[in-house]
Amino acid sequence: MQPRNMSMSGVVDLAAVKAAGEAKAKAEQVRAEAARQGGSAAVSPSALVIDVDEAGFERDVLQRSAEVPVVLDFWAEWCEPCKQLGPLLERLAVEYNGRFLLAKIDVDANQMLMQQFGIQGIPAVFAVVAGQALPLFQGAVPEAQIRETLDQLIQIGEERFGLTGIAVDAGASEGGSPTELPAGPYDALLEAALSALDAGDLAGAVQAYKNVLADDPAHPEAKLGLAQAELLARVQDLDPAAVRKDAAENPANVTAQIAAADLDLVGGHVQDAFGRLVETVRRTAGEDRDAARLRLLELFEVIGVDDPRVTAARQALARVLF
């Protein structure tokens, strides 16, 4: 799934949140009361990731959000992208060392919370800051973009609400040694891919993901990462204005429509990208039709098969094919 907004700016504008001043005052009051009682004790790294249900939401999320941003991960056991995003968020929660708290919410067991947050598809990630709920992104998205969103969230929490996070006791794991997350069999390769992406080495990222898939063709993070890296590689040298002009003036040019669809998706215009390629499939035949269809299937991989926009586009594709 593509995030609904990859940046905290625009849709997520805390300056425009109602009663932000009251929320800040309440957060300060809660922290002052905690200070009078001796302050909050340091927590172990494992306590930075918690499971939350409807009964504990007030205590575990709303009250805690007065001292630290609480990131909500809405997930389900049957959701394949959730199995990729969840472990990534858990690792980042430990790495950020108390600057945010991760609360995991199983939507199957907490339908009321899902409805209250208006969740249309999962994984979906929100934040609660000083009692204020904010949408962050939807879908299993690249780590670099998640980090950027978290950094902005933490900065806003500090600047507008004075949230400085929670203290972490690095030696609080069993046996007194620091907690270390077990390394997976492909962690080094996946880390290499992310490092390549951060450095702008898209070819290197593509190869690193392919190395994982060579051993484990169904690896969800590598599949998604490869699809996204290949998409970025395809558009990095394109002239957006020229591509869009070509596509507008030559609706029958399949190559132009495919390039424009890639740009649509990178720009977050998911339904435009899907609609463009479905329409191209409808009005073409032979190799041209097959090329448009295959690119559409590739873009489905970038977004995630559980996304409702993918489901709708698959249905539209089926109608024009059959």
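I began at Asn97, which is partly exposed, with a relative accessible area of 46% (buried means under 20% relative accessible area, exposed over 50%, partly exposed in between, with a 1.4 Å probe and protein chains only). I placed Asn97 in the loop between helix H3 (80-95) and strand E3 (101-106); helices (H or I, at least four residues) and strands (E, at least two) are DSSP runs, numbered from the N terminus.

**Basis of the entries**

I worked on a predicted model, in which local features need pLDDT of at least 70, side-chain atom pairs count only at pLDDT 80 or more, and totals for chains, interfaces and linings use all residues. Residues are numbered from 1 along each chain as its sequence is written, and side-chain values use heavy atoms, with hydrogens and water left out.

**Confidence and overall content**

I noted an average pLDDT of 80 for the protein, with 80% of the residues scoring at least 70; pLDDT is the predictor's confidence in each residue, from 0 to 100. Residues 1-25 have pLDDT below 50, and this stretch has 63 contacts in the model beyond near neighbours in sequence (contact means heavy atoms within 4.5 Å). For residues 38-42 the pLDDT is also below 50, and I found six contacts beyond near neighbours in sequence.

I recorded 13 helices and five strands in the protein. Of its 322 residues, 45% are buried. Among contacts between residues at least 6 apart in sequence, 71% join residues at least 24 apart.

I next looked up Ala130, in the loop between E4 and strand E5 (132-138). Its phi is near 50°, a positive value in a residue other than glycine. Ala130 counts as buried, at 10% relative accessibility.

I found a cis peptide bond joining Ile122 and Pro123, with omega about 0°. Most residues other than glycine have a negative phi, and most peptide bonds are trans.

I then followed Ile122 to Asp306: their C-alpha atoms are separated by 7.5 Å, although the residues are 184 apart along the chain. Asp306 lies in the loop between H12 and H13 and is partly exposed, with a relative accessible area of 28%.

**Helices H12 and H13**

The axes of H12 (residues 286-303) and H13 (residues 308-321) come within 10 Å and cross at roughly 165°. Axes are lines fitted to C-alpha atoms, for helices over the stretch in contact, and angles run from 0 to 180 degrees between N-to-C directions. That makes H12 roughly antiparallel to H13 (angles under 35 degrees count as roughly parallel, over 145 as roughly antiparallel, 65 to 115 as roughly perpendicular and the rest as oblique). I listed the contact residues, including Leu296 and Phe300 of H12 and Ala313 and Leu317 of H13.

**Helices H7 and H8**

I finished with H7 (residues 202-215) and H8 (residues 220-235), which pack at an angle of about 155° with their axes 9 Å apart. H7 and H8 are therefore roughly antiparallel to each other. Among the contact residues I noted Val206 and Tyr209 of H7 and Leu226 and Ala229 of H8.
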